[in-house]
Amino acid sequence: MQQLPRTYVIELLEEKYRQYNTSGFIPNDPVSIPHLFTIKQDIEIMGFWAAILAWGQRKTIISKSRELINLMDGAPYDFVKNHEENDLKRFLAFKHRTFNSTDTLYFLHFFQQYYRQHDSLEDAFLIPDASFSIEKSLISFHHYFCSLDYFPERTRKHIATPARKSACKRLNMFLRWMVRKDEQGVDFGIWNRIAPSDLICPCDVHVDRIGRLLGLISQSKTSWQTAAELTASLKLLDPLDPVKYDFALFGLGIEGFGTPRNVI
């Protein structure tokens, strides 16, 4: 396919960003899960968990996330802080694809230990480094998350890191939810110490395909470098909020843009 005109790409992304960054996007997307809550810590806990479970059909992801909420008596933060060992038996049957009860119990353990010392999950993604980057943040978070007592090695695969060359789609999506701010309200914007301009675009199969189609990606394989390259291309369009175009790229992918039934 020939190179698409830059003006066409910009206009297309702006149009689709406006189309999909609306309240109508929320109900059928995993972001609907943290939108069930108003307490900051509930939003963080279920936003993180829904993002980590976000592979497969969106309907199933939402269903399994709701199951977790029910197992936590509808109040994730309160349950995380106050649950006792006896309360954990109900989670032994929880499973979503390769995420099983062992992983679930460690997540609960991590959250309980963490929120006993911190008010917000944002602290776990901050690093005492003047040259802050999301890459460094995610590497540091991976080390921290996997460092507690009783950490089951099998759970490591659920927490991606750029150190393994992963594109870290789920964690970047979670960060987008927590950090981005606008009037449309799909993303929450409840974190203030990470800037929207620092974010890296979540790179799922739809975003990856459309990014290549529009000439925003040249990497041959999907990796951390792919996500970083895509974000750098998007920063040329909006340096302060490049990841807003995640809505457009994902939406175009869902529409089947560029496929034989939807040829450019």
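Leaving aside neighbours within four places in sequence, which residues is F25 in contact with? Select F25 to begin; the partners to display around F25 are Y20, V186, F247 and F250, where contact means heavy atoms within 4.5 Å.

The model is predicted, with local features requiring pLDDT of at least 70 and side-chain atom pairs counting only at pLDDT 80 or more, while totals for chains, interfaces and linings use all residues. Residues are numbered from 1 along each chain as its sequence is written, and side-chain values use heavy atoms, with hydrogens and water left out.

**The loop at F25**

F25 belongs to the loop between α1 and α2; helices here are DSSP runs of H or I with at least four residues, strands are runs of E with at least two, and both are numbered from the N terminus. The relative accessible area of F25 is 11%, so F25 is buried. Buried means under 20% relative accessible area, exposed over 50%, and partly exposed in between, with a 1.4 Å probe and protein chains only. A C-alpha to C-alpha distance drawn from F25 to I10 gives 21 Å, for a pair 15 residues apart in sequence.

**Helix α3**

Next, select residues 58-71, which form helix α3. The 14 residues of α3 should span 20 Å at 1.5 Å a residue, and the end C-alpha atoms are 20 Å apart, which agrees; the expected span is 1.5 Å times one less than the number of residues. Colour I61, I62, K64, S65, L68, I69 and L71 to show the buried residues of α3. The elements that cover these buried residues include α2 (40-52), α4 (76-82) and α5 (101-115). After α3 comes D73, with a positive phi near 60°.

Within α3, centre the view on I62, which is buried at a relative accessible area of 11%. Not counting residues up to four places away in sequence, I62 touches P27, N28, D29, P30, S32 and I33. The C-alpha atom of L13, 49 residues from I62 along the chain, is separated from that of I62 by 27 Å.

**The α6 and α7 pair**

Now show residues 134-145 (α6) together with residues 169-179 (α7). These helices pack at an angle of about 110°, with their axes 12 Å apart; axes are lines fitted to C-alpha atoms, for helices over the stretch in contact, and angles run from 0 to 180 degrees between N-to-C directions. That angle makes α6 roughly perpendicular to α7, a class covering 65 to 115 degrees, beside roughly parallel under 35, roughly antiparallel over 145 and oblique for the rest. At the meeting of the two helices, display I134, L138 and F141 from α6 with L171, N172 and L175 from α7.

**S223 and helix α9**

Move to S223, in the loop between α8 (205-213) and α9 (224-235). S223 counts as buried at 16% relative accessibility, and S223 touches K165, S166 and A167, not counting residues up to four places away in sequence. In α9, select the buried residues W224, T226, A227, L230, T231, S233 and L234. These pack against α1 (6-20), α6, α7, α8 and α10 (246-255).

**The cysteines**

Finally, a search of the whole structure finds zero disulfides, a disulfide being a pair of cysteine sulfur atoms within 2.5 Å. For C146, the nearest cysteine sulfur is that of C168, 12 Å away. C146 counts as buried at 9% relative accessibility. At C203, the closest cysteine sulfur is in C201, and the 6.7 Å between them is too far for a bond. C203 also counts as buried, at 6% relative accessibility.
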